[in-house]
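Hi,

Here is the structure I promised to pass on. My notes on what was found in it follow below.

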Amino acid sequence: IDYQKTPYTLMDLTKDAVGILDHYHIPKAHIVGLSMGGQIAQFLGAYYPGRLLTLTLISTSTTFDPLLKGCDGKKSTSKLRPPEKAYLKWASDYFKNMPTYSEDKKRKEFMNGWRTCNGQNVPFDQTYYLQFMKQHFARSKHPENVVNHVSAMKASYDDHAKAVPLIKAATLIIHGRKDPLFPIDHGENLHHSIPGSQIIVKESMGHLIPSSDFADIVEAIANHGKTERD
């Protein structure tokens, strides 16, 4: 879409998620969100509390200001740490130039981005992400529209700032100690900001879930689902 003509916010994407639940006649669900999906999941917990059974937040934060300001070459007022320089270098080029990239260049930069998000402490599963990239490009008419999501996040500061104190659902936080986008203090701050929440810190994990941790994290989320509050 032309974001300037038809802008949207993360609240609009949150309403999309509610619309999916409505379409399938699901009154309540276990909500899991990673990164920007974690921000949307926070909105669901805060603004649509009656639709949640439990909430799981992975590789996300109470504020995306250090990330977004860092990508713009600006300094954040947040006390939380900014992303690593390697990620900021990739992201600043990517979000600025992606709409002009050739198809091959877009695919190459997607892989570079995932490799950067993976971090340096666990092997990068190139086979898995090559398949993931093929699926992504096959189902997305305009993969460059991810740039619009950055604008949507910037338009959602107020809603995000108000959201976390409103979350009452049983919440599990999963965060990688080596996350290059949201350093571990982001996960810890999220944990301290949601009373009664639990946190699992994966010592070697970056921003993405390594395939070696898939089984453990699936089990953790499933076990968390059994802790639904009244």
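Let me start with the cysteines: Cys 117 counts as buried, at 9% relative accessibility, where buried means under 20% relative accessible area, exposed over 50% and partly exposed in between, with a 1.4 Å probe and protein chains only. Cys 71 is buried too, at 17%. The sulfur of Cys 71 has its closest cysteine sulfur in Cys 117, 10 Å away, which is too far for a bond. The whole structure has zero disulfides, a disulfide being a pair of cysteine sulfur atoms within 2.5 Å.

A word on the source: this is a predicted model, in which local features need pLDDT of at least 70, side-chain atom pairs count only at pLDDT 80 or more, and totals for chains, interfaces and linings use all residues. Residues are numbered from 1 along each chain as its sequence is written, and side-chain values use heavy atoms, with hydrogens and water left out.

Now the pockets. A pocket is an open set of points on a 1 Å grid over the protein atoms alone, where a 1.4 Å probe fits, with protein on both sides within 12 Å along at least five of seven lines; lining residues have an atom within 4 Å of a point. The largest pocket holds about 1,400 Å³ of space. Among its 44 lining residues, Leu 34, Ser 35, Met 36, Val 146 and His 149 are the closest to its centre.

The second largest pocket holds about 160 Å³. Its lining includes Cys 71, Asp 72 and Phe 95.

Best wishes

Definitions and conventions. Points joined across faces, edges and corners; volume = space filled by probe spheres on them.
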